[in-house]
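Dear colleague,

Please find below the structure I said I would pass on. My notes on its salt bridges follow.

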Amino acid sequence: MEKRKSNYDITRDRVEGAFAGYDQEAMIRKFRLDSDEGFLYIRFAAREYRINRKTGRVERLPGLEHAGFNEVMTIFDVLCGSKEDCRLSGEFVRVNDLDGVTKTAYLGGNLFDGSAKAFAGRCRELRDACERLGGSPGKVGDVSYTIPLFDFFPVMLQFWDGDDEFGPVLKIMWDRRTLAFMRYETTYYAAGHLLERLREMMGTEG
């Protein structure tokens, strides 16, 4: 019996199905993507992907596994929904301080508590994982790296390890003009996938 698809998979498949209706040549020029007759190619969180130009299916290379919800939603929001004038400011801020964010849009709470706890006491492993993602070290916190989420779009991770008095703290900082590249909600999908990649490289579950 075929496994029933989750709502996440259904949404992913629907978004992929609409891809052929977008101007793919414009995407290729805008983000300098490699392409051929059948596929577009993009690097996301230090992993290579191909996108079928007819069906929109996004596959991880080299194994051709179907990409997950967070991957597809982030990749397609950037390729299909970014503004014409998407330039970086070079200034990193908290997600709620991005240009164009209103109070009513704020995501609540610390969304990264689970990952912060998973990284606690493992600063060396976290540094190694950030470097494997192509990150460049910074000076804020116990671990700080600017990581290329896409070749053309970096984010900054900052981590303070916990002690007997305070728990660990994890922050992901975004270029001030992030909303020219993706929607506010998509930053959650992008961050979720980035943290999943880091945990994967550290051998940390959850």
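**Salt bridges**

R176 is partly exposed, with a relative accessibility of 23%. Please keep in mind that this is a predicted model. The partner of R176 is E91, and the closest N and O atoms of this salt bridge are 3.0 Å apart. E91 sits in the loop between α3 (69-81) and β6 (92-93), while R176 sits in the loop between β10 (169-175) and α6 (184-202), so the bridge ties together parts that are 85 residues apart in sequence. E91 is also partly exposed, with a relative accessible area of 39%.

The structure holds 19 salt bridges in total. Another one of them joins the side chains of E25 and R53, at 2.7 Å from N to O. This pair also links distant parts of the chain: E25 belongs to helix α2 (residues 24-31), R53 to the loop between β3 (47-52) and β4 (58-60), and the two are 28 residues apart. R53 counts as buried because its relative accessible area is 16%, under the 20% cut-off. E25, at 40% relative accessibility, is partly exposed.

R124 and E125 form a salt bridge as well, with their closest N and O atoms 3.9 Å apart. Here R124 is exposed, at a relative accessible area of 55%, whereas E125 is partly exposed at 24%.

Regards

Technical notes. Residues are numbered from 1 along each chain as its sequence is written. This is a predicted model: local features need pLDDT of at least 70, side-chain atom pairs count only at pLDDT 80 or more; totals for chains, interfaces and linings use all residues. Side-chain values use heavy atoms; hydrogens and water are left out. A salt bridge is a side-chain nitrogen of Lys or Arg within 4 Å of a carboxyl oxygen of Asp or Glu. Helices (H or I, at least four residues) and strands (E, at least two) are DSSP runs, numbered from the N terminus. Buried means under 20% relative accessible area, exposed over 50%, partly exposed in between (1.4 Å probe, protein chains only).
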